[in-house]
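Biologist: Could you walk me through this model, one question at a time? I would like the cut-offs as we go.

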Amino acid sequence: MDAKTLITRAQYQSGKSNYAGAAKILRTALKAALKEEAPNNSLYIECLTSIADTQRMTGNYRTAAENYAKAAAAATEASIEDAALDARLGGALSRRALGHWQEALNDITQIKARYEESGDHAGAAFSTWALAGTLRVKGDINGSIEAFTAAEGMFNALNDTSGHGYCQCGLGGAYRMKGLYDESLQCYTNAGNIFSSNKDRFGTAYSHCGIGNALRMKGSYGDGLRHLKTALNMYGKIGDTVSSAYTLWSIGMLKLMVSEVVTGEGFFEAAAARFKKTLDVRGSIYADLGICQARYLYRHLGQYKRPLQRAVKNAGVYSLQLEGCHALKLHSIMETGTPQCYKTIGIRELQGNSIPLNIP
């Protein structure tokens, strides 16, 4: 079977969120592409970029970044600029997940400008969405909301309902970080309706996780847990390690809020193992913020300090402002001091001065 036919089959599987199946087909397609033409041909580049896409979607960020770099180099050598930009953008998203958001932000900004110069409206929309997510990681929540809103307008102009849905998810997360939980819930609900209509399994899982978190922040723990468990089940079927890790963390946080402390720590530990596997530094900080609270609550006072100190340190090393604020807030409650940083990044301070602190 020729490479182009195999790529089409793989795209169908990716559209169903069957990333493992898509990757298997793409590896066969890659071999076929190498036989058909030289390694810098467009089919080879498309295969390699698509393989990297499946790796990024399932949390294999380091390998994804390596394959995106190979695809970008081949596309540059072949003077296929749009393919080079697509691969560079995927690489930036992978590096962002590995904690290198500053490098990713620079690359995404340059790539976005080039898409706009070339009149690639779809590329401009996707890169604006990528920029919004990177600003959220940076801790620039207001900038993130502005960029997600801009990307949403671009996707709507293209009649891209999937892009619209993912922007609604992005806005839902940014509004949650800002403390606007009603707005967050509405965005995730809107996204869920879109993804259900599109039969997008990953998007549907994403929206369930977001709805569950918004409900958790509103104190609706029973309903929130149902949505989070639905998301966890769906992510498991998809094979998405990193998204399931964040969902495990969310369930752990919810368990702390209903005084199921030991169970909550178990969820945090499970999340921590997956964050470690995927090299997700930001996720590991959240895991430490949960673990330290659980240990503090069941009075293992000598054991909560290490994860708290690690969270403070790593947030500083990777310049993760929002996570740093959460870590300092916990430090102020458990140890001493008054966190001032929430105001400096333009969001309201988390409510409460006791443990458990419901981190969004």
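Modeller: Gladly, and here is one term to begin with: contact means heavy atoms within 4.5 Å. This is a predicted model, where local features need pLDDT of at least 70 and side-chain atom pairs count only at pLDDT 80 or more, while totals for chains, interfaces and linings use all residues. Residues are numbered from 1 along each chain as its sequence is written, and side-chain values use heavy atoms, with hydrogens and water left out.

Biologist: Leaving aside neighbours within four places in sequence, which residues are in contact with Ser127?

Modeller: Ser127 lies in helix α7; helices are DSSP runs (H or I, at least four residues) numbered from the N terminus. With neighbours within four places in sequence set aside, the residues in contact with Ser127 are Leu89, Ile108, Lys112 and Tyr115.

Biologist: Is Ser127 buried or exposed?

Modeller: Buried means under 20% relative accessible area, exposed over 50%, and partly exposed in between (1.4 Å probe, protein chains only). The relative accessible area of Ser127 is 0%, so the residue is buried.

Biologist: How far is the backbone oxygen of Ala124 from a polar atom of the Ser127 side chain?

Modeller: A polar contact is a pair of N or O atoms within 3.5 Å; within protein, one must be able to donate a hydrogen and the other to accept it, and residues adjacent in sequence count only if both atoms are side-chain atoms. For the backbone oxygen of Ala124 and the polar side-chain atom of Ser127, the distance is 3.1 Å.

Biologist: What is the relative accessibility of Phe126?

Modeller: Phe126 also has its place in helix α7, residues 121–138. Not counting residues up to four places away in sequence, Phe126 touches Leu89, Leu93 and Phe155. Phe126 counts as partly exposed because its relative accessibility is 31%.

Biologist: Why does the pair of Tyr166 and Phe202 count as stacked?

Modeller: Rings of Phe, Tyr and Trp (its six-membered ring) pair if their centres lie within 6.5 Å; planes under 30 degrees apart count as stacked, over 60 as edge-to-face and the rest as tilted. The whole structure holds 11 aromatic pairs. In this one the ring centres of Tyr166 and Phe202 are 6.3 Å apart, and the pair is stacked because the planes meet at 25°.

Biologist: How many residues apart in sequence are the parts that this pair ties together?

Modeller: Tyr166 counts as buried at 15% relative accessibility, and Phe202 counts as buried at 9%. Tyr166 belongs to helix α9 (residues 161–178) and Phe202 to helix α11 (residues 201–217), so the separation of the parts they tie together is 36 residues.

Biologist: Which side chain is joined to that of Asn358 by a polar contact of 2.6 Å?

Modeller: Asn358 lies in the segment after α18 (341–344). At 12% relative accessibility, Asn358 counts as buried. The 2.6 Å polar contact joins the Asn358 side chain to that of Arg216.

Biologist: What separates the C-alpha atoms of Pro360 and Gly173?

Modeller: Pro360 is found in the segment after α18, and it is buried, with a relative accessible area of 3%. Leaving aside neighbours within four places in sequence, its contacts include Arg176, Met177 and Arg216. Pro360 and Gly173 are 187 residues apart along the chain, and their C-alpha atoms are separated by 8.9 Å.

Notes. Helices (H or I, at least four residues) and strands (E, at least two) are DSSP runs, numbered from the N terminus.
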